Amino acid sequence: MGATVRSSSRGSAVGTVVPVARPVPAPVLGDQIWAFATCDEENLAGMTAPAGFVSAGTLVAANALPTKVWRKMATVGEPSSYSFGQPNASSGTVHVVCVRDASPTIPARLAFLASTAEDAPTPSVQPAAASHLEIRYAAVPTVLGTATFKEPSNYTMRTQAGVSGALASALATRQIASSAPSGVKRFTRAPTTVVGVAGVTVSIPSADDAPEVPPPPPFTPAAGSATFQYPFRRMIGDRAYLGHLDLTGVSFERRVSSPGTFSASVPITSERIADQVDAIIPRDRTQLNRGPGVIVAEILHEDEYWGEAWITGYTLRKDRRKSPVLTLRGVTLDAYFQHVKIRDDLEFTDVDQFEIARQLMLSMASRPHADLGLVLPAGMSGQLRDRTYKGADRAPYGQRLTELGDVINGFETTIDTITGSSGLERHLRMGAPTIGAPDAAHVFGQGRYGGDVLDWGYEVDALRGGTAWEARGDTPETQDASVAAEPLVSGLYEADAHLAAGWPAIERLVDRPGVKVQETLEEYAAGWAEKKAGAVTVFSVVVAIGENPSFTPNSIGDAARFVLSDEWHKRSGLGAGLNARHRIIGVRVLPATREQPKGEMELFVESSEVT
């Protein structure tokens, strides 16, 4: 059962309040309640919703009536009516729609359109999911009387409302099973005078749209270990399950705010295995619905998802008397952000950096064939930014997302693949200034009688760090061709504590192509001076993977306690050793093999490199 309308209601009034009766049948716990309000005054501050409703979007344009959209989750005992505020002495309408069986985790998508037309067009919207409910809403001004609407073809009219001589509005819905946008849809109306039109379209994903997680098949005895499993499926669209492979030599890496890598092999020792591979990597390369670029490999440890890799290439080789071997290579899903370009201008003024990140992801998802189905987190960071991204620059979404977080008081991201309430889900995780739990109860130790730490190592390099930073951006445009234009450069920001301790000046000039705002360059340089001072120090620890480890790749960003007692870490005369907390910003997983019967994880502790 997809998302559908349970009930709807509407109201209209002249004055400061528009009352709307609770829809009948009444909303139940878990339903979504949407409200669409339009008035004939441009004082948007006066347009308010009752407690519990949150803003979903606003349309303000010279040739359209001011329109606001709100939503909320239904609670037990919804009130018998709702009171929506509007500017004093204005005329307005409000439509309330109760939606059942909507996804609790996948966000809806909205589109707004201001136009001048005889009919009432509503915009196209990229579907939030293949199965979704589409709401079409339009509002027009009226001079005499009111207007009568007819819904777009194949849509169901839900409500019409109006204030005579002021405005009229209508709302229609349709349940759709398609991942392709349905395009612009038009209400027809009488009278058909040319007026400004406010149009809104909402795509609400169905709760049952997430792909089914197939049960893992039993492992063959020859695989050696049932700890890890590797299902494959298509990356986008229907995300269809293609099969499992028994991989060997697996190496899977995840890092905070940076793509990780994946590699693995499949010895093809029989025709049965060859047929299993063919279902995922086709022998016939004219088969375009699977193979590198199309598929992802999922990594499960004891039925828990540890990550997902986009398979980007392979080699297939047979050496002399040996069987053919397929070697796969891939990257984590956040690498995909670097392969889709921003083609429309995006401008943000005094907008929270988390909201800018969400809008970047929504913009990418709206591009044809570029929707990863990410579940975006709610909340704000408290840091407001001004950003302008020009479509003409053709910058990748990933580049802009990384640059947005790589400033003073910035943020970090990662993608977690988990089994959620609606099935297999991809969650974008964001944290400001960092992700992860600083007080997590992970402990890794090595002492006289062993422990789960197998190896450790430090790498320190002063020339990859620095004590003074500048950021260089693009060359600003100038109207005077006789003046030589030079790129913008930030001020010099120094690591005062290091210089005071006797460090020499080690200056770093880091290019940030596409940045044309001086303040943004200052934020970059100040952030590096604060967070990246001195030498780059990389501390890595290899630990054994236990049966039920507290730390998994979905824990990157957490801090862990490391307890090491050896010849280096012991302090002379005290018999003690290292007992300190370090933040883990990357992990490389090496599952068990016949040659290496114990699975391992290499943990990377926070480093200071600027690139």
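## A charge over a ring

Let's start with Lys72, whose charged end sits over the ring of Phe53, 5.4 Å from the ring centre. "Over a ring" has a set meaning here: NZ of Lys or CZ of Arg is within 6 Å of the ring centre and within 35 degrees of the ring normal. Arg512 does it too, lying over the face of Tyr524 at 5.5 Å from the ring centre.

## What you're looking at

This is a predicted model, where local features need pLDDT of at least 70 and side-chain atom pairs count only at pLDDT 80 or more, while totals for chains, interfaces and linings use all residues. Residues are numbered from 1 along each chain as its sequence is written, and side-chain values use heavy atoms, with hydrogens and water left out.

## The chain as a whole

The protein chain has five helices and 35 strands; these are DSSP runs numbered from the N terminus, with helices being H or I of at least four residues and strands E of at least two. Its C-alpha trace spans about 90 × 65 × 55 Å along the principal axes.

Of the 611 residues in the protein chain, 50% are buried, and buried means under 20% relative accessible area (exposed is over 50%, partly exposed in between; 1.4 Å probe, protein chains only). Now take the contacts with a separation of 6 or more: residues 24 or more positions apart account for 71% of them, a contact being heavy atoms within 4.5 Å.

## Rings that pair up

A pair of aromatic rings is described by the distance of the centres and the angle of the planes. Rings of Phe, Tyr and Trp (its six-membered ring) pair if their centres lie within 6.5 Å; planes under 30 degrees apart are stacked, over 60 edge-to-face, and the rest tilted. That rule gives 16 aromatic pairs.

Take Phe252 and Phe262: their centres are 6.3 Å apart and their planes sit at 65 degrees, so this pair is edge-to-face. Phe252 belongs to strand S17 (residues 248-255) and Phe262 to strand S18 (residues 261-267), so the pair ties together parts that are ten residues apart in sequence. Both Phe252 and Phe262 are buried.

## A pair inside a cluster

Phe539 and Phe562 also make an edge-to-face pair, with 5.9 Å from centre to centre and 65 degrees between the planes. Phe539 is in strand S32 (residues 534-544) and Phe562 in strand S33 (residues 559-564), so to speak a link between distant parts of the chain, 23 residues apart. Phe539 counts as buried at 3% relative accessibility, and Phe562 is buried at 0%. Phe539 and Phe562 belong to one aromatic cluster, along with Phe444, Trp456, Tyr458 and Phe551.
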